[in-house]
Amino acid sequence: MFMAKIEVVMPQLGESLTEGTIVKWHKKPGDKVRRDETLLEISTDKVDSEIPSPVSGVVTRLLFDEQKTVAVRTVIAEIETEGSETVLASAPPEAPSVSPPAIKPFTFTRPPSPPRVPAPPSGRFYSPLVLNIAREGGISMPELEQIPGSGEGGRVSKKDILAYVEARKKGAPTPGAAPSVAPAAASTIPSAPRIEAGLRHIDSGELTKKYPPPQYEILQMSNLLQKMSEHMVRSVHTSPHVQAVHECDMSKVDAIRRNHADGFEKREGFKLTFMPFICDAAVKALQQFPLVNSSIEGDKIILKKFVGLGIAVASENGLIVPVIKNAEEKNFVGLARTVNDLATRTRSKRLLPTDIEGGTFTVTNYGVFGTMVGIPIINQPQVAILGIGVVKKRPVVINASEGGAIAIRSIAYLTLSFDHRIVDGALGGSFLATIVKHLENFDENQIV
Amino acid sequence: MTYLEAISEGLREEMRRDTSVILLGEDIGTYGGAFKVTKGFIEEFGEGRVIDTVLGEAAIIGAATGAAIAGMRPVAEMQFADFVTNGFNQLVNVSAKYYYRNFIPVPMVVRLPSGGGMHGGPFHSTNPEAWFFHVPGLKLVAPSTPYDAKGLIKAAVRDPNPVLYFEHKYLYRHLKSEIPDEDFIVPIGKADIKREGNEITVVTYSTGVHWALDAAVAMEKEGVTVEVVDLRTLLPLDKEAILNSVKKTGKALIVHEDTLTGGIGAEIAALISERAFQHLDAPIKRVASMDTPVPYAPTLEKYFLPNTEKVLMALRELAAY
């Protein structure tokens, strides 16, 4: 027959009660007890109560005498049951006096203490910050003890230790820097592998060890690269990018550019490029489709009432996007001058911080590298970017409606990457078509 | 625009914007309020929205709570912050807990003209913010400038929780500045760096900001730059702003006009030592009023209150540490 031992615990009769007093035992060891028969009476701060037996069986032990006060959940008695009674014992859910078998008595074990910083032999006080900087800078306690302090009572201040670390980095002689001052590992600050590595005794055998020539080089990313990296990742995560590519016949613009090349350069002092033509077309299209000249904030669309036309410029440091401010107020020559000024100052590193602020739309001309079709990433928080492919002579069908003929034309592929959260294919396509139309029918009178 | 006018203007704009915004308080109607914050309001919005109440804060706050539960956006004025104690039970047991029990928001504002420096004596000069700082379910704001005063009263009216708005009586007419005309709010829960610095952080709010800023100017002449963090919102605390600044400077001074023991500064000091201990290069210091009721005699009141000189002395101690 299956036997089981049931532990009876001091029940918690109120949510704020922590203990109870055993007033009277109704059973003594060896007595039989039926389930729900009164086993004992207890008294607490709030109530006095009779406690029924959780199971039927034989009382084997009473662990506390009457009038003893015991913490709740302490085992106070044991009952031996027979057979299926064990199942019953845990059945009534409101029976708080059965100790749940899964819960073992708590034993508190202290978590291992973190390694202690050895007390400074001098008894000098070091602030948490100073100890932290020392640990990070690989400065041992004996070395720290050598640093003169300018703080209260000769304390080493943040300023003192930072100056010391800085000087040490530059290789200036510093007190106590020699490894011989701190040879013992015990006197270094624990949990700082770099310190120990620095002070470790080097086996002479290691010096002759041959290492293979390095297969790679580790470069620190410049600020500009880090910013570009962060921005590009954020942009791709923020905007669902969709692209439209249109073919654009640049023959007329090319012809205008050639016709005016000499006169323009003489008058303005710089070469007439494709860029102002594209900027001009972009500004006009943005005014026609203001939603492309906007940004998104939460569930709001911010329509910009001005055009800040960003021009992606490759410099030796990386990609920079200066902005033509109020581009909608400028005529063709004004645009050309601003493009030239921004590009020149980008390359000569004379841009001001304000030159790269306030963009509402961006143009990137990767055609100069021979790229035919590019897929640019949006310059956040803008919602679209125009990419210009290389202008190249190609055989194309012209006058298609009149039977058609094949002619050699200057063709470029323009790509619009747009944010499909608010710009759909219809708007993106129409916007790009407007730019193409403007370029293919460029009004020569605008140049002068 | 003065600090007082900024509060007034903010309230007026919110009342024009949203007809569910109503005002309750003692003598706020025809009389225009003890400090004239609501002057002209009854003429513009009528008795139905600018309600003169009985002299009983429990009734005012209770009625405001009920109105908020029913869907209005009441703004209750305590004539002096000191008197809020009469409505304490309504605030901490009803307004603050209501949403937790019933899932019905209580979008109300209680305006508390607080603080000393004007010889108002022990019953008209209290800064009672710490009593409520301990109450989950409330939000506490304490602007230091006209801009923040306007932006925070508007944010408080729009907030779905009970917001206690501590407006400092000394700043009412002592501060004046340009405020943009357009509709703006100052977000609740965001501190503001009023001055940047590298060596010492001052965490403060309300009048403390001005003592700290004056002391920071003096410290700069002594070669020490001080960063002034204006909490603006006391509950919920902008912990990140406090910790970021202290991690940068390594030294922290907490300044408030409320008395020292058990004040908001104690919680901030605990926060810093729990979460920025490794960055501390000096003990955290506090400058606050002395642990007595606000004295009536002007000389004693001056002795009792913090001021620029006391802040400066604490900053010098920290700088030299």
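**Reading the labels**

Modeller: Let's begin with one residue: beyond the neighbours within four places in sequence, Leu231(B) is in contact with Lys190(B), Ala191(B), Val203(B), Thr204(B), Tyr205(B), Leu237(B), Ile242(B) and Ile268(B). Contact here means heavy atoms within 4.5 Å. This is a predicted model, in which local features need pLDDT of at least 70 and side-chain atom pairs count only at pLDDT 80 or more, while totals for chains, interfaces and linings use all residues; side-chain values use heavy atoms, with hydrogens and water left out. Residues are numbered from 1 along each chain as its sequence is written, and chains are lettered from A and ligands numbered from 1 in the order in which they are written.

Biologist: Why does Leu231(B) count as buried?

Modeller: Buried means under 20% relative accessible area, exposed over 50% and partly exposed in between, using a 1.4 Å probe and protein chains only. Leu231(B) has 0% relative accessibility, so the label buried applies. Leu231(B) sits in the loop between β9 (226-230) and β10 of chain B. Asp192(B) is 39 residues from Leu231(B) in sequence, yet their C-alpha atoms are 6.3 Å apart in space.

Biologist: Why is Ser239(A) called buried?

Modeller: Its relative accessible area is 3%, so Ser239(A) is buried. Ser239(A) is also a loop residue, between α7 (223-238) and β9 (241-249) of chain A. Not counting residues up to four places away in sequence, Ser239(A) touches Ile378(A), Gln380(A), Asp419(A) and Arg421(A).

Biologist: What makes strand β11 of chain B largely enclosed by the rest of the structure?

Modeller: Seven of the eight residues in β11 (residues 252-259) of chain B are buried, so the rest of the structure largely encloses this strand. Strands (E, at least two residues) and helices (H or I, at least four) are DSSP runs, numbered from the N terminus.

Biologist: How do you know that β11(B) pairs with β8 of chain B?

Modeller: Two strands pair if DSSP finds at least two bridges between them. Strand β8 (residues 200-204) of chain B and β11(B) have four bridges, in the parallel sense, and Thr201(B) stands opposite Ala252(B). Four bridges also join β11(B) to the parallel strand β12 (residues 285-289) of chain B, with Val287(B) as the bridge partner of Val255(B).

Biologist: What makes β2 and β10 of chain B edge strands?

Modeller: Seven strands of chain B form an open sheet in the order β2-β1-β3-β4-β6-β5-β10, with mixed pairing. β2 (50-52) and β10 (233-235) of chain B each pair on one side only, and they are the edge strands. From one strand to the next, the twist averages 20 degrees. Strand β1 (residues 21-25) of chain B runs parallel to β2(B), joined by three bridges, and Gly25(B) stands opposite Asp52(B).

Biologist: How do you know that β4 of chain A pairs with β5 of chain A?

Modeller: β4(A) and strand β5 (residues 48-52) of chain A have five bridges in the antiparallel sense, including the one between Ser43(A) and Asp48(A). Strand β2 (residues 19-25) of chain A is joined to β4 (residues 38-43) of chain A by four bridges, also antiparallel; there Ile22(A) has Ile42(A) as its bridge partner.

Biologist: What makes a set of residues a nonpolar core?

Modeller: Such a core is a set of buried Ala, Val, Leu, Ile, Met, Phe, Trp, Tyr and Cys residues joined through side-chain atoms within 4.5 Å. The largest has 53 residues, and those with the most contacts inside it are Leu309(A), Phe361(A), Leu386(A) and Leu439(A). Helix α9 (residues 275-288) of chain A gives the most to this core, with nine residues. Apart from it lies another core of 44 residues, among them Ile22(B), Ala142(B), Leu164(B) and Ile272(B).

Biologist: How confident is the predictor in chain B?

Modeller: pLDDT is the predictor's confidence in each residue, from 0 to 100. Chain B has a mean of 97, with 100% of its residues at 70 or more. Chain A averages 82, with 80% of the residues scoring at least 70. Within chain A, pLDDT stays under 50 over residues 84-105 and over residues 176-200. For the complex, the predictor gives an ipTM of 0.73 and a pTM of 0.53.

Definitions and conventions
Axes fitted to C-alpha atoms, helices over the stretch in contact; angles between N-to-C directions.
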